[in-house]
Amino acid sequence: MRLLVVGGSGFLGREIVRQTRCAGHRVAATFHRRPPSGDLGAGVDWHALDIRIRDDVARVAATARPDVIVNAAYRQSDWASTADGGAHVALAAALRELAGSPYPGIHHVAGPDAISRHRLGVLIARRDGLDPTALPTGRRAASGVPGPAELRLDCARTRARLTTRLRGAHEFLAAGRS
Ligand SMILES: NC(=O)c1ccc[n+]([C@@H]2O[C@H](COP(=O)([O-])OP(=O)(O)OC[C@H]3O[C@@H](n4cnc5c(N)ncnc54)[C@H](OP(=O)(O)O)[C@@H]3O)[C@@H](O)[C@H]2O)c1
């Protein structure tokens with residue numbers, strides 16, 4: 001089996017790397033600021049990665065081509081690393097799973113919620129402790145921007161084919177920063 005251990009240089013990650021290597025698996029792993037040294041570095045494909053950069057997470061996942069991705073990356077008090085970064089890894093895992101699946105064609109990868117931009121802004125504002133009433137509302141039709149007034153992507157088929165669970169905006173943003 002091929003594994004990608006994100007945060008493989010950390011306290012938890014390095015033990016996952018060590019044990020999976022001992023079990024005979026092919027292991028790729030990432031570090032952020034501290035390149036691995038000594039025995040930890042041997043026999044592992046190491047990648048420098050900042051988990052806050054979504055495209056870089058997808059790039060490393062595409063390069064490593066893992067069957068399993070384990071996310072052990074974490075920076076205390078850094079929401080972007082611990083929470084947003086986790087979402088980036090989950091998205092990369094879903095895309096990776098789809099890329100290796102037998103299903104050709106276009107796949108829409110998103111959660112189950114149909115949600116307006118304003119509602120999304122309200123959820124983000126609440127999560128971040130901001131005043132949601134400061135967000136202006138308006139009719140899409142009055143904006144003058146060409147295109148359909150309402151557009152929904154049906155992701156049900158993609159979700160049914162994935163073992164990676166795609167969370168919707170309400171679930172993802174309602175948890176807050178606690
Ligand atoms: N340690 C414990 O006793 C314990 C107990 C229960 C649960 N946990 C959980 O296990 C997880 C890992 O904890 P840990 O103790 O192993 O933490 P850790 O030793 O601080 O390791 C964190 C890892 O995340 C990487 N990292 C930090 N910021 C990053 C970023 N922006 N992009 C990419 N990688 C980044 C670090 O890379 P660099 O070091 O290269 O910067 C390191 O590999 C956390 O979710 C924690 O809550 C830990």
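Patches are made of residues with over 30% relative accessible area and no salt bridge, with like charges joined within 9 Å. In this predicted model, one such patch is positive and is formed by Arg14, Arg33, Arg34 and Arg75. Of these residues, Arg34 sits in the loop between strand 2 (26-31) and strand 3 (45-48). The relative accessible area of Arg34 is 55%, so this residue is exposed.

The ring centres of Phe31 and Trp46 lie 6.5 Å apart, and the planes meet at 55°, so the pair is tilted. The pair links distant parts of the chain. Phe31 belongs to strand 2 and Trp46 to strand 3, 15 residues apart. Phe31 and Trp46 are both buried.

Backbone angles were examined next. Most residues other than glycine have a negative phi. Arg65 has a positive phi, near 50°. Arg65 is placed in the loop between helix 2 (54-64) and strand 4 (68-71). Its relative accessibility is 47%, so Arg65 counts as partly exposed.

Ser77 also has a positive phi, near 70°. This serine lies in the loop between strand 4 and helix 3 (79-99). Ser77 is exposed, because its relative accessible area is 79% and the cut-off for exposed is over 50%.

Definitions and conventions. Residues are numbered from 1 along each chain as its sequence is written. This is a predicted model: local features need pLDDT of at least 70, side-chain atom pairs count only at pLDDT 80 or more; totals for chains, interfaces and linings use all residues. Side-chain values use heavy atoms; hydrogens and water are left out. Patches are made of residues with over 30% relative accessible area and no salt bridge: like charges are joined within 9 Å, nonpolar side chains (Val, Leu, Ile, Met, Phe, Trp, Tyr) within 5 Å. Accessible areas come from the Shrake-Rupley method with a 1.4 Å probe; for residues, only the protein chains shown count as cover. A salt bridge is a side-chain nitrogen of Lys or Arg within 4 Å of a carboxyl oxygen of Asp or Glu. Lys and Arg count as positive and Asp and Glu as negative; His and the chain ends are not counted. The place of a charge is taken as NZ of Lys, CZ of Arg, CG of Asp or CD of Glu. Helices (H or I, at least four residues) and strands (E, at least two) are DSSP runs, numbered from the N terminus. Buried means under 20% relative accessible area, exposed over 50%, partly exposed in between (1.4 Å probe, protein chains only). Rings of Phe, Tyr and Trp (its six-membered ring) pair if their centres lie within 6.5 Å; planes under 30 degrees apart count as stacked, over 60 as edge-to-face and the rest as tilted.
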